[in-house]
Amino acid sequence: MTLTLTNIAKTFPGGVKALLPTDLEIAKGEIVSLLGPSGCGKSTLLRMIAGLETPDAGAKIVFDGKDVTRQSVETRKIGMVFQSYALFPNMSVRGNIGYGLKMQKLPKSEIEARVNEVIALCRLDGYADRAITALSGGQRQRVALARAMAPRPHVLLLDEPLSALDAALRGQLRDELALLLRQFGITAIFVTHDQNEAMAIADRVAVMSQGEVAQIGTPEALYRKPATGFVARFVGDAMPLEGRVEGDQLHLPGGILPLPGPAANSEVLVRAEDIRIDPQGPITARVETVTFLGTHYRIALSGASDTLLIARHSGLSAPRQGETVRLSVAPEALLILPKGVAA
Amino acid sequence: MLKSITKSIPRIVTLLACAFLLIPIIQSVLAGLTVNYFRGLSSGLTLKWVARVLELYSGSILLSIWIALACLVVTLILGVPAAYALARNPGRASRVLEEFISLPLAIPGLALALALLQLYGTLQGFRTSWTFILVGHVLYTLPFMVRSVLSVLAAIDLKVLEEGAASLGAGPTRRFFDIVVPNALPGILAGALTVVTLSIGEFNLTWMLHTPYLKTLPVGLADSYASMRLEVASAYTLVFFVMIVPLLMAMQWASARAQRIMQ
Ligand SMILES: Nc1ncnc2c1ncn2[C@@H]1O[C@H](COP(=O)(O)OP(=O)(O)OP(=O)(O)O)[C@@H](O)[C@H]1O
Ligand SMILES: [Mg+2]
């Protein structure tokens, strides 16, 4: 299903502007992630698409050419996975998964068949007749997904579906969920504040900040061409290089760094993997800590910029703590972004 | 030695208190089963007095059961949706409303009865009908139903559960019966048993509202002590216990169960 949002905004009673007017278009079968820090309006946007929240006047929500702005949630044919799963404790796994089908008044035999189909897909065989309270967190998560998918909704909306799980399980279920959503071939919108989750699951990511979509694009586009400093920091943990720009040079406390071009009124950011330890490099820094992480070393450096810089160093050995090293950054790896946009 | 004595003092006090409460009850029950109370147990045991009570007061017993069941139906119909509405709108207005519903708890049954008599006492058909007593009982028991259901509903995340059901296509009525009622069931059960127990045992208010032709179980008990021989009244006490004690026990059990679910 194609989804078109026009001029969608939300002001809560009391004046909180949870979402500023936003336009968004999602293609059939596309998986879009809404990524942003806590309180930026992700859930509010998702809930307005679901019909659980009423947008401010002037908004238009169109599903496949049909205006559903004024339709209530029950009639929108959406599937929703909640952060707390919202599974019905008074029903078994089967009862939960079949509930949406029961609402569609399908014949018993068809409900049975479709519930079994989804149970198999979500690898819930053997749990069908259990009580919800007798399931682990990961199993509950899968029941929530199965329940949302069983009625074959036009669009699947997921609000931080993995955040109630512990870290190890979250990683595993993230890949599983990505796979399942592609198998279903469904249009999906996925809210998260974890960039890895967004990148692993989504075709496109909308990075949100303070009630606005700061940038929307493929994970690569966001990573390589962030539109604002906020996006660069949020996607790929870019660090600011705080110094004075003179022509096409950046004067840092630790030395002078060449820039790819003039950069007036801009901020310069760099990512950990682009900082090289290089005896011929133009910047001097002191090694504060060195952490070995298997695939690479994580080195915290002081003196180069006003704040601590983190370098990701791969190689067979690393400098020692307290040592003075020289650094270089390839000019084209620097992110030069307009100053003062959505901090 | 001394230690074991001091340790057993609380136990002895408890036992004495129990005896203090139980002995009159046992005595009364026994009185209802002896042939002649003044001659004591030596006169022999009999069910004659119990049979006499059932014969004389079966109307009262049936009326009480009937009013308790009617009261239950009315408090269910009014109380469960009211508790639901209060749980879904947790604002200042809801708290005020909750207090307002609970007001009859703080007012003595006597005052409540007088108010009802003043308001409706002149409506002849109503004043002499059992529904007049029913209204009093509903006023008195409704807060217990509302509170009991509300406390269970407040412990579950009702809003999210309902949103889940709505996203699956369930309208408000379906949600109420598929999600709200089943999940509130422990509270409804505890509330229902409380309502029935209170209605059957209620005396103050009922005594004011009753007419000679409409005596409930406790009003009949008072009547029997006032106008029958002691054995009959005592047998009545026995009948009363047999009806109310199992209800009280079931109520305790249901409340404990609801309490457990809320944790
Ligand atoms: N019902 C409400 N009434 C008033 N303000 C609200 C309400 N719901 C959300 N808000 C406010 O709107 C803003 C956006 O909230 P929202 O829940 O959309 O954030 P979010 O991005 O989902 O955050 P999180 O990651 O913490 O879930 C917040 O400032 C929040 O306090
Ligand atoms: Mg949220």
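Mentor: A polar contact is a pair of N or O atoms within 3.5 Å. Keep that cut-off in mind, and remember that this model is predicted.

Trainee: What makes S38(A) a polar contact of ligand 1?

Mentor: A polar side-chain atom of S38(A) lies 2.5 Å from an oxygen atom of ligand 1. That is within 3.5 Å, so the pair counts.

Trainee: How do you know that G39(A) and C40(A) count too?

Mentor: Look at their backbones. A polar backbone atom of G39(A) is 2.8 Å from an oxygen atom of ligand 1. For C40(A), the backbone value is 3.2 Å. Both are within 3.5 Å, so both count. The protein covers 60% of the 630 Å² of accessible area that ligand 1 has on its own.

Trainee: Why is F12(A) called part of the shell around ligand 1?

Mentor: The cut-off is a heavy atom within 4 Å. F12(A) is among the residues that surround ligand 1, and so is E160(A). Helix 1 of chain A, residues 42–50, gives the largest share of this shell, three residues.

Trainee: Now the two chains. Why is the pair E163(B) and R47(A) called a salt bridge?

Mentor: Their side chains meet at 2.7 Å, N to O. The limit is 4 Å, so the pair qualifies. Chain A and chain B have two salt bridges between them.

Trainee: What makes up the side of chain A that touches chain B?

Mentor: Helix 2 of chain A gives the largest share, four residues. By type, that side divides into 14 nonpolar, three polar and four charged residues.

Definitions and conventions. Residues are numbered from 1 along each chain as its sequence is written. Chains are lettered from A and ligands numbered from 1 in the order in which they are written. This is a predicted model: local features need pLDDT of at least 70, side-chain atom pairs count only at pLDDT 80 or more; totals for chains, interfaces and linings use all residues. Side-chain values use heavy atoms; hydrogens and water are left out. A polar contact is a pair of N or O atoms within 3.5 Å; within protein, one must be able to donate a hydrogen and the other to accept it, and residues adjacent in sequence count only if both atoms are side-chain atoms. Accessible areas come from the Shrake-Rupley method with a 1.4 Å probe; for residues, only the protein chains shown count as cover. Helices (H or I, at least four residues) and strands (E, at least two) are DSSP runs, numbered from the N terminus. Ala, Val, Leu, Ile, Met, Phe, Trp, Tyr, Cys and Pro count as nonpolar, Asp, Glu, Lys and Arg as charged, and the others, Gly among them, as polar.
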